[in-house]
Amino acid sequence: MRTIAAIATPDTLGSIAMLRISGERAIEIAEKVFNPVNDRAVSDMQGYTAAYGIIHDNGVKIDDGVLLIYRTPKSYTGEDVAEITCHGGVYVARRVLQACLSAGAQLAEAGEFTKRAVLNGKMSLTQAESVIDIINSVNEQYLSCSNAQKDGSLFRKINDISEKILEVSAHIAAWIDYPEEGLNSFETSSHIGQLTDCRLQLSLLLKSYEIGRIMREGVVTAIVGKPNAGKSTLMNLMTRRNRSIVTDIPGTTRDIVEETVNMGGAVLRLCDCAGIRETDDAVEKIGIEFMLRQIDEAALILAVFDNSRSLEKEDCALIEKISGKNSICIINKTDLENKLDLTILATQFKHVVQLCAKENEPSLEKLVTVINKVYDVKTLDLSAGFIANERQRVCALEAERLLGEAIDGIEAGAPLDATGFLLENALEALYRLSGKSASAEIIGEVFKRFCVGK
């Protein structure tokens, strides 16, 4: 297998940069480009040791830095690995990489280091996928979940389910293939119970996908209401900065202002939309059209109503427009005299919060509490594993469906060989999920999301 090299740190200015080499010639290549100041041969360095020295290209000094050596199999990839740390200039790092390529290394592909870790048995496919989730974590909850995933939580869960299905499948195979052995009759009730438990565990895992997606990608959230209801003030409250222009002039917001915020673990991709009203202003009309489209596309609506004004036709039109959508009613300006019919709003919305968006911390705390009722990300069990991406979800869905068909078949008295076939296919889906039987195409697709140096 070829020896690969890549810059493993961001391609930008920084205090240090790190280049990684992996493969059977990694130590040899490192020796060609790095001279320890103590004149010790790089090839004599033990694993988990470091040396300070000069980085060069055919004797021409590039920089001074530090070399770390990892010996197979005790490395990230399971191969010999050398890591060279130099000063963090973009040009310097690229020159060190070029020196390594000239010495015999080949440029790594996206995710190839982690891919080799999988192929060399250092981690499972689900553990490898968690690496990119750790890198992309946007909050403490998702980082904790991803770290648990990297420690093998999902792999262990899938392996446990697979073993239970395999036990039933083996019993069916033995019953069919060796009737002369006098095996006890197929225990229908106990095996149905075992398969039902496996299906339930898969169903619970599948529910975790939506929570994980919310923590990872965020919820597209539209802030809507009539002009001057306080939408932009609410936007600024949630982003903790003056993201939207706030004035007493109705129609100030004409375009959609977007920002991503973390609300107690739930990541919201906020869109502050133009106010809904009739207008002759051509530019404002375009903004309102954008707002109406945003309502259709949003997964969550924050509908803002002015506590100091009675419900008007624009409010009623908004309520009708968002009927059936996942929404939170926000009654703003509670510091002013109440003229809003709260009873009507309470019948139209499942979630209602009253606040004054100008009062920062108290109002933000109220809003976080309500949002966390809608998207309770804290229900995710960090130790149990979760479905982190679409590839895993498809595999789990297929296994759950096949288990359901197998259970129905047993209850209906279907031939056991048909049930055995369904269980074998369910196992294959779970093996694809965990990586036990993943094809080269599947593995290649997984690592397309990785950066080159990882």
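M238 lies in helix α8 (residues 231-239); helices (H or I, at least four residues) and strands (E, at least two) are DSSP runs, numbered from the N terminus. The model is predicted: local features need pLDDT of at least 70, side-chain atom pairs count only at pLDDT 80 or more, and totals for chains, interfaces and linings use all residues. Residues are numbered from 1 along each chain as its sequence is written, and side-chain values use heavy atoms, without hydrogens and water.

M238 has 4% relative accessibility and therefore counts as buried (under 20% relative accessible area; exposed is over 50%, partly exposed in between; 1.4 Å probe, protein chains only). Leaving aside residues up to four places away in sequence, M238 touches I223, V261, M263, L268, L270, L302, L364, L367 and I371 (contact: heavy atoms within 4.5 Å). L367 is 129 residues from M238 along the chain, yet their C-alpha atoms are separated by 8.8 Å.

Helix α2 spans residues 90-102. Its buried residues include A93, V96, L97, A99 and C100. These cover an arc of only 155° around the axis, so they sit on the same side of α2; the arc is that of the directions from the helix axis to the C-beta atoms. Just after α2, G104 takes a positive phi of about 125°.

V66 is found in strand β5 (residues 60-70). V66 counts as partly exposed because its relative accessibility is 32%.

Technical notes. The expected span of a helix is 1.5 Å times one less than its number of residues.
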